[in-house]
Amino acid sequence: MTTQTPDLSHLWMPFTANRSFKAAPRLLASAKGVYYKSTDGRQILDGCAGLWCVNAGHCRDEIVQAIATQAATLDYAPSFQMGHPLAFETATAVAALMPKGMQRIFFTNSGSESVDTALKIALAYHRANGQPQRTRLIGRERGYHGVGFGGISVGGISPNRKAFSNSLIPNVDHLPHTHNLEQNAFSKGQPAWGAHLADELERIVALHDASTIAAVIVEPMAGSTGVLIPPKGYLERLREITSKHGILLIFDEVITGFGRLGANTASDYFGVTPDVITMAKGISNAAVPAGAVAVTNSLYDTVVNASENGIELFHGYTYSGHPMAMAAIGATLALYQSEGIFDNARKLSPAFEAAAHALNGLPNVIDVRNLGIVAGVELAPRENAPGARAAEVFQRCYDAGVLVRYTGDTIALSPPLIVNEEQINTLFDVLGQAISQTA
Ligand SMILES: Cc1ncc(COP(=O)(O)O)c(C=O)c1O
């Protein structure tokens, strides 16, 4: 069924080339399982779980029903100085999936809000802990932490920062990124080279003194910047150094949380426990905007007990713990468990890895990297036109019925975790053909 294209002029689209999109729009009409249907009536295999978020597949009946029931029962309840039971029950359900000792949950509505919440919590913690001078934040080059002012300040993607560069928050440093094709091209899973890059944190500590540093924030596996897999030993080293200096370690798990690597969290997967975890996306299967921040019980105690009475943390959103989000999260987490969706991801990882690395040798493919149900296929950039080759491959895939994502010249794949082997093969076959057809 083809539906009529609406007037496209009024909507200012996010992170989109508005003019070229509106000249040749790609519009989705419906979705079920691992497939979208476009408005021109074609079936599109979702190779990126929407935007790394629809981990249980689209329009799952259990989630739809939970949202509908909640909307008719309690559509909204104030989140300040008031509560509703489902918010507490949902926090308990999220806490059950967090690493041991990290069972305190703050609700937000997005990854960006989770990041800015985490950064503010880090500052509030040190103040409550008698070290208010610890205000410096350390991010990483090529990091993506959403689009709030805190997130872009600790983030390391220059186009996201450029227009706002004079207005970023002060006292921020960046670790080097870990991407190195000379050392690590075509690594399967975690690359062997690069743990020593975490030692750069010692250099930053030596420069500023640990007593001025509040927190380090990194994505344990970076997705949006083009799939960067942490070198073996790197996260462990970051944990060691931050602990030694009393610096909080924040893992931004907006992509890696809820099964993407075949475990509850990347923290679980790597066996490295941070002090703060940010989440969004897969927490609600993206059916309702939702996010959360998990902190250690002791961090929570420090902040809450430091205040004699009254509000302990002057932070929160009208929609923190929104009933619809809580219903979606509850139904999503139940589905993840009842269908063993994270186990499915773990079991499929070797097949996913094999299918991804089969692209090695195709024209212009300069790297394939993977972890869990994530793969990045990096193409050589065209001279004077970075990103153009990947954009063309993306369009070819879409025309052939497969949705992928691209950042720069890296194609990223992260399908719903309910995908099967046949669908994985289709995904990479179509991508391979598109790459072969693109000069
Ligand atoms: C690691 C990470 N942090 C934060 C965000 C921002 O999330 P949102 O777009 O929900 O604000 C993203 C989004 O892709 C992300 O990948």
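**Note on a two-domain predicted model**

1. The protein is divided into domain 1, made of residues 18-56 and 340-437, and domain 2, residues 64-338. The model is predicted. Taken over C-alpha atoms, the centres of the two domains are separated by 26 Å.

2. The contact between the domains involves 31 residues of domain 1 and 29 residues of domain 2. On the domain 1 side, at least two residues each come from helix 2 (49-52), helix 14 (341-357), strand 11 (365-371), strand 12 (374-379) and strand 15 (410-413). Helix 14 gives the largest share of that side, seven residues. By class, the side of domain 1 that touches domain 2 has 15 nonpolar, 12 polar and four charged residues.

3. Helix 15 (residues 388-399) has 12 residues. From its first C-alpha to its last, helix 15 reaches 17 Å, close to the 16 Å expected at 1.5 Å a residue. Gly-401 follows helix 15 and has a positive phi, near 95 degrees.

4. Which residues of helix 15 are buried? They are Arg-389, Ala-390, Val-393, Phe-394 and Cys-397. Seen down the axis, the buried residues of helix 15 fall within an arc of 140 degrees, so they line one face of the helix. An α-helix has 3.6 residues a turn, so residues three or four places apart point the same way. The cover over the buried residues of helix 15 includes strand 12, strand 13 (402-403), strand 14 (405-407), strand 15 and helix 16 (421-437).

5. The ligand is surrounded by 14 residues, the closest being Ser-110, Gly-111, Ser-112, Gly-146 and Val-254. Helix 5 (residues 111-128) supplies the largest share of this shell, three residues. The shell consists of five nonpolar, seven polar and two charged residues.

Key: Residues are numbered from 1 along each chain as its sequence is written. This is a predicted model: local features need pLDDT of at least 70, side-chain atom pairs count only at pLDDT 80 or more; totals for chains, interfaces and linings use all residues. A residue is near a molecule or strand if its C-beta atom, placed from the backbone, lies within 6 Å of it. Helices (H or I, at least four residues) and strands (E, at least two) are DSSP runs, numbered from the N terminus. Ala, Val, Leu, Ile, Met, Phe, Trp, Tyr, Cys and Pro count as nonpolar, Asp, Glu, Lys and Arg as charged, and the others, Gly among them, as polar. Domain bounds come from an automatic or database domain assignment. Two residues are in contact if their C-beta atoms, placed from the backbone, lie within 7 Å. The expected span of a helix is 1.5 Å times one less than its number of residues. A residue is buried if 20 or more other C-beta atoms lie within 10 Å of its own, exposed if 12 or fewer, and partly exposed in between; C-beta atoms are placed from the backbone. The arc is that of the directions from the helix axis to the C-beta atoms.
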